Amino acid sequence: MSMFEAWQYEFMRDALWMGSLIAAMCAVLSCFLVLRGWALMGDAVSHAVLPGIVIAYWCGGPLFLGAMVAGFFCAVGSGWVKRVSRIKEDTAMGVVFTGLFAMGLVLFHKVPSDLHLDHILFGHILGIVEKDKPSIVVISLLVMGLLWIKRRDLLFLLSVAIVVALKSVGLVLVTAMLITPGATAFLWTDRFDRMLGVAVMTAVLSTLIGLTVSFAWDASSSACMVLCQSGFFLLSWCFGPKHGLLRGR
Amino acid sequence: MSEQSNNERVSLVVEDIAVRYGNGHAALEGVSFSLEGGTICALVGVNGSGKSTLFKSIMGFVRPSRGRVRVKGLSVREALRKQIIAYVPQAEEVDWNFPVSVWDVAMMGRYGTMNFLRIPRAEDKRVVDQSLRRVGMWEYRDRQIGELSGGQKKRVFLARALAQGARLILLDEPFTGVDVTTEEAIIALLRELREEGCVVLVSTHNLGSVPEFCDRVVLLHRKVIAYGPTEEIFTESNLLAAFGGQLRHFHFEQSTIQSHDGRSVKVLTDDERPLVFGKDGHLEYKNREGREELLQKRKQEP
Amino acid sequence: MMEQWMVPFQYEYLVKAMVVCAFVGAVCGALSAMVTLKGWSLLGDALSHAVVPGVVLAHLLSWPLAVGSLISGVLAAGAMTWVKAHSRLREDAVMGVVFTTFFAIGLLGISLYPSQLDLKSIVFGNVLAIAPKDLWQVIGMGGFVALVLLLKWRDMMLFCFDEQQARVQGLNVRLLHAVFLLLLSAMAVAALMTVGALLVVAMLITPGATAYLLTNRFSRMMILSAVFGGVTSALGAYASYFVDGSTGACIVSLQALLFLLCLWWAPQHGWFAQRRREKEVAS
């Protein structure tokens, strides 16, 4: 009964549609990131966008522009640190993204705003309002379309996608949405097309199940969605048709 | 540590070992050979022939699924505890930016014999000092290791093996990134170690230098293809069996080297020393007279 | 004018926070030298997120923090190694999947028991209002890690530099590996109490990376990074009085600034020094 009760509410239906779109977009991105060995780039960039968001808000500009600049700055900055010094790549990335994130936090406290830090960090999918919807739909479709056509470089798309994804699961767990579906799909198939399909499918299903569970338990929706994705990963790791744990033995 | 006890001759006996990878494929299959003290032995094979797996099983990092390795009659574990085995890594395996000096690296050779806190005693310092002088790196003792040339880097790690007082020394591709002069300096040092009764096992794909300084050869391709004295093992057919199509052949016809150049051939190559066979398949050496004397002497040895 | 800057010292809680932060920062700093040299920056990131469910569990069952963090740290490290060994995924992807899963479990726990757990204090740390019980645990864990580092730093150096040599010499490399993970988990929790889960990773990387730019000797690097970690943490706690933001954010911002300074002006490995050398070579 409670399973269907959830979907009587409009905010839940909105959350499902928007969440699924965002999850699908992140899933497509995650396939590229996992194959490129950039899995933790998502982690770094998602933290690094915070100062960009705060500054953009402060200047009254569009948030995604600020986030894009900050994300770009993080990627270029860590590359620069690695090139000019003897610091290794992963360390450089860690130093740069934590530094940017911390400065973003300091700025956030200094700049009076009606942004909610909780919502940025942990998402606020149940509180999506009408005016957010067009931008979510347009950006996620655009990102997926571009990736589908171009099938390559995505660094600038990454920060755009992250800004949208913040609405869904928040900055802290967007890393999961940018890795887990791709990793799951990678265990299922060797073909890239199918990999994209599997990733999107598990991500959308996770949104559905995660939202249902979070409604029933009154638990954090972002944590539930991410844990569903982890569940799918675990399942495919054990039972994957080609590379599953039980197959290989 | 009792350096004296380590000064005896060692032996390395590899008995029918087999190693399998995680996916079930065989890395080594029934590999056996034995080496007595006072030997430099080359371990020759293509990449993926199991050279590094064999090294790892001798060092006890990989447990063979069959067979065993004995060093000086001891198990690998005990041999490691007695500091009999030393390992000189490939240049690519080392983080040359690591903040340690030449002295620090050589001192790492003493860790196995130091106390719980690894604070160097006078004895440790003396041995490290001596080892660094022996490889000619004492003047560089305060340099960070990344500031050295390719050959100097190699010598630092040899000093570490010396400081350890090891009797079985494993060298992984010691001549990559090393110029010819340094290569000869390293070979000279290895010969000294042979005189002292050590077993030196050198893994290499650099064929040309093998006959110059190795007494014995193990040709490896998952199995031992051939094993024995260099002169007997280094034949065209054996090498073809070990390397398959990976060797480049230059066949000089009789006419090009006959009488008009006094039977001397000049071969120029870029980085690695080429292996040259004479007319009836015997090995050619850079310094033939010296080599023959050595061979004569070795035959007279009991 | 001067008095204004002295105001923070009138508050006992702030002075206490500065001392605790300096201590935790210094120990984290010393550890960070090893983390960066071993190339375990990502592991530091992963473990700092992975200990969160342990902290939640410890709060809910009123266990000591060390026990909870140990359990989740070991579980996460084990899961990463195991999944890595039995799948064709790259290490970074495996780490990403595992640590986000653990962090999500932690968040789920917090959201299920909102009355008993404070999300903010776990995510951002709460050193200004740290409970005496937690304070002693933080000091205990920091002290333990400091002691181990002080006694065994040479073994750790060899472990970071050349694992094979350590094994050849009969050192117990598995034990060292486990100890290293244990120290990381313990410090991740201690730092979580001071700067919060999201910024722990900076405490475990940045001071080490900064010191790495300044010296060519391991022992000096450890001392320098400990000093950097300690000083920036104390200053950050002090500054947080004026910024009234989170203490962690101030500390980590300072560490990042210090890193940037050294990146440019370090005498030998800094950007300017390298440019000067290049010019000398060119001329």
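In which sense, left-handed or right-handed, does α2(A) pass α11(A)? α2(A) passes α11(A) in a right-handed crossing. The structure is a predicted model, in which local features need pLDDT of at least 70 and side-chain atom pairs count only at pLDDT 80 or more, while totals for chains, interfaces and linings use all residues. Residues are numbered from 1 along each chain as its sequence is written, chains are lettered from A and ligands numbered from 1 in the order in which they are written, and side-chain values use heavy atoms, with hydrogens and water left out.

**Helix pair in chain A**

- The axes of α2 (residues 10-36) and α11 (residues 192-217) of chain A come within 8 Å and cross at roughly 145°. Axes are lines fitted to C-alpha atoms, for helices over the stretch in contact, with angles from 0 to 180 degrees between N-to-C directions; contact means heavy atoms within 4.5 Å.
- The contact of α2(A) with α11(A) comprises 21 nonpolar residues, three polar and no charged. Ala, Val, Leu, Ile, Met, Phe, Trp, Tyr, Cys and Pro count as nonpolar, Asp, Glu, Lys and Arg as charged, and the others, Gly among them, as polar.
- A crossing is right-handed if the near helix is turned clockwise from the far one by less than a right angle, and left-handed if anticlockwise.

**Sheet in chain B**

- Four strands of chain B form an open, antiparallel sheet in the order β2-β1-β4-β5. Helices (H or I, at least four residues) and strands (E, at least two) are DSSP runs, numbered from the N terminus, and two strands pair if DSSP finds at least two bridges between them.
- β2 (26-36) and β5 (74-75) of chain B each have a single partner strand, so one side of each lacks a neighbour in the sheet.
- β1(B) pairs with β2(B) over seven bridges and with β4(B) over five bridges.
- Val14(B) stands opposite Phe33(B) in β2(B) and opposite Val69(B) in β4(B).
- α2(B) lies across β1, β2 and β4 of chain B, at about 60° to β2(B).

**Second largest pocket**

- The second largest pocket has a volume of about 1300 Å³. On a 1 Å grid over the protein atoms alone, a pocket is an open set of points with protein on both sides within 12 Å along at least five of seven lines, and lining residues have an atom within 4 Å of a point. Grid points are joined across faces, edges and corners, and a volume is the space filled by probe spheres set on the points.
- Of its 31 lining residues, the closest to the centre are Met59(B), Gly60(B), Phe61(B), Arg167(C) and Arg174(C).
- The largest share of the lining, five residues, comes from α10(C).

How values were computed: On a 1 Å grid over the protein atoms alone, a cavity is a set of points where a 1.4 Å probe fits but cannot get out, and a pocket is an open set with protein on both sides within 12 Å along at least five of seven lines; lining residues have an atom within 4 Å of a point.
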